[in-house]
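My plan is to go from the whole fold down to a single residue.

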Amino acid sequence: MTVATSPAGLDNRVVVAGVARSWRDLPAPALPSPGVVLTAGAADALAVAGRHAVDGTELLLAAPTRVDAAMRDELRAAGFAVTVLTDGVPQTEPPATTRSPEPGRLWLLTSGSTGRPKRVGHSLDSLTTVRSAQPARTWLCPYAPGSYAWWQVVTLSLTQPGQHLVVVDPHELDDWPALAAAHGVDAVSGTPTFWRRTLHRDPQALARVPLRQLTLGGEPVDQAVLDRLRELFPTARISWIYASSEVGASIVVHDGRAGFPVSWLDRVTPGRPTLSLRDDELVITSPHHGVGLGGPVRTGDRAQVVDDRVVITGRLDSDEINVGGSKVSAGLVRAVLTAHPGVAWARVTGRRAPVLGRMVVAEVVPSTAPGDAGVPPDEGALVRWCADRLPEYAVPRRIRLLTEIPVKETLKSDV
């Protein structure tokens with residue numbers, strides 16, 4: 001394991017709550033090791049990350065909502081001190097068992113989408129997947145502290161000169177384009193839900209941000225959101241990344257198309273992940289994996305070959321809907337709905353139904369469709385749209401219209 005002692009990005013600019021400083025100038029909180037630090041504040045989280053990068057403390061960093069009382073007890077029993085850090089002030093519970101720290105170890109919590117979050121071991125080195133020289137960028141980071149996506153942006157700024165960082169606290173999310181424009185942000189990483197919400201709420205404000213790099217990850221991405229971002233930013237590079245705490249950053253696509261090329265399946269290249277499909281599940285063997293997860297890892301994500309692309313449609317346990325013996329992919333139905341010019345977001349699920357067992361239903365957030373005289377589509381129009389593009393059994397039988405795109409702390413909407 002590599003323990004960083006002098007990261008190359010320590011002089012990069014870091015902006016939190018409108019205040020600009022360098023990584024080097026951030027506070028250096030004195031924290032126990034091994035230690036868990038729970039903080040919702042961006043400034044506190046960056047200070048902890050910077051301290052780890054220099055000192056190599058054994059650390060698990062997370063938002064307080066990610067660790068309940070039972071997990072705190074489990075972590076203390078495993079030898080961790082648990083600290084709640086608020087505006088630089090720590091409140092620490094000592095470990096229930098004393099052990100020596102593991103220098104350089106970083107622990108991440110899994111998303112918990114298949115159950116309770118689990119700890120996955122990494123290091124600053126294994127989380128740093130961008131190693132070649134990069135053009136100077138000022139990145140916006142909207143993610144919750146300690147998540148895999150958060151560490152991806154943070155390690156980029158810590159390890160690469162010229163990668164500056166503007167961090168958004170949760171209460172600033174709705175107005176992030178104004179914040180980004182004010183601080184010269186030209187690169188943003190966010191989930192597809194994050195981008196859809198901004199396109200829905202204020203596309204004019206988004207268009208005023210001089211973006212040269214847009215990154216999407218953390219959820220399935222459909223062609224509609226890629227196309228809408230391309231319309232606003234015709235010369236920017238738009239990237240989709242598949243990454244997780246278990247397998248690291250494993251898929252990076254820059255061609256503006258949903259999914260990845262079929263030719264990448266089962267391709268063995270030294271130093272790069274190997275991607276495979278087994279029973280419609282994405283399986284990854286990655287050099288960036290967490291501790292103890294070497295070899296093929298079943299991701300739990302459903303993937304299907306559509307023409308010359310492999311498209312990830314959702315979680316294996318929720319994407320497939322059995323309608324009277326016919327299998328329907330919720331993700332592919334969702335892609336049809338979001339392709340409608342008057343739809344900002346959609347969620348597709350199965351509901352119990354007599355005779356058929358399950359039927360397809362959807363929730364949709366409409367937006368005003370260009371060319372429709374300002375009238376958003378109603379349920380009937382959306383059903384007809386689907387009926388023209390899907391087999392009869394896959395057409396949603398109920399479509400509920402929502403006014404706002406739902407979003408969780410993870411910037412996802414569980415689609």
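How far apart are the mean positions of the positive and negative charges of the chain? I looked this up in what is a predicted model, and the answer is 2 Å, for 43 positive and 43 negative charges.

**Overall fold.** Next I turned to secondary structure and found eleven helices and 24 strands in the chain. I then checked the dimensions: the C-alpha trace spans about 60 × 45 × 40 Å along its principal axes. The radius of gyration is 22 Å, and this agrees with a compact globule, because a globule with 415 residues would have a value near 22 Å.

**Burial and contacts.** I asked for burial too, and 52% of the 415 residues count as buried. The chain exposes about 18200 Å², and carbon and sulfur atoms supply 52% of that area. For contacts between residues at least 6 apart in sequence, I noted that 60% join residues at least 24 apart.

**One residue up close.** I finished with Thr128, which sits in the loop between helix 3 (124–127) and strand 9 (137–141). Is Thr128 buried or exposed? Its relative accessible area is 7%, and because the cut-off for buried is under 20%, Thr128 counts as buried. A polar atom of the Thr128 side chain lies 2.6 Å from the backbone oxygen of Leu124. Setting aside neighbours within four places in sequence, I found Thr128 in contact with Thr155 and Thr159.

Methods: Residues numbered from 1 in each chain as written. Predicted model: local features only at pLDDT ≥ 70, side-chain atom pairs only at ≥ 80, totals over all residues. Heavy atoms only, no water. Helix = DSSP H or I, 4+ residues; strand = E, 2+ residues; numbered from the N terminus. Rg over C-alpha atoms; globule rule 2.2 N^0.38 Å. Buried < 20%, exposed > 50% of the residue type's maximum accessible area, 1.4 Å probe, protein only. Contact = heavy atoms within 4.5 Å. Areas by Shrake-Rupley, 256 points an atom, 1.4 Å probe, with all protein chains shown as cover. Lys, Arg positive; Asp, Glu negative; His and termini not counted. Charge placed at Lys NZ, Arg CZ, Asp CG, Glu CD. Polar contact = N/O pair within 3.5 Å; in protein donor to acceptor, adjacent residues only side chain to side chain.
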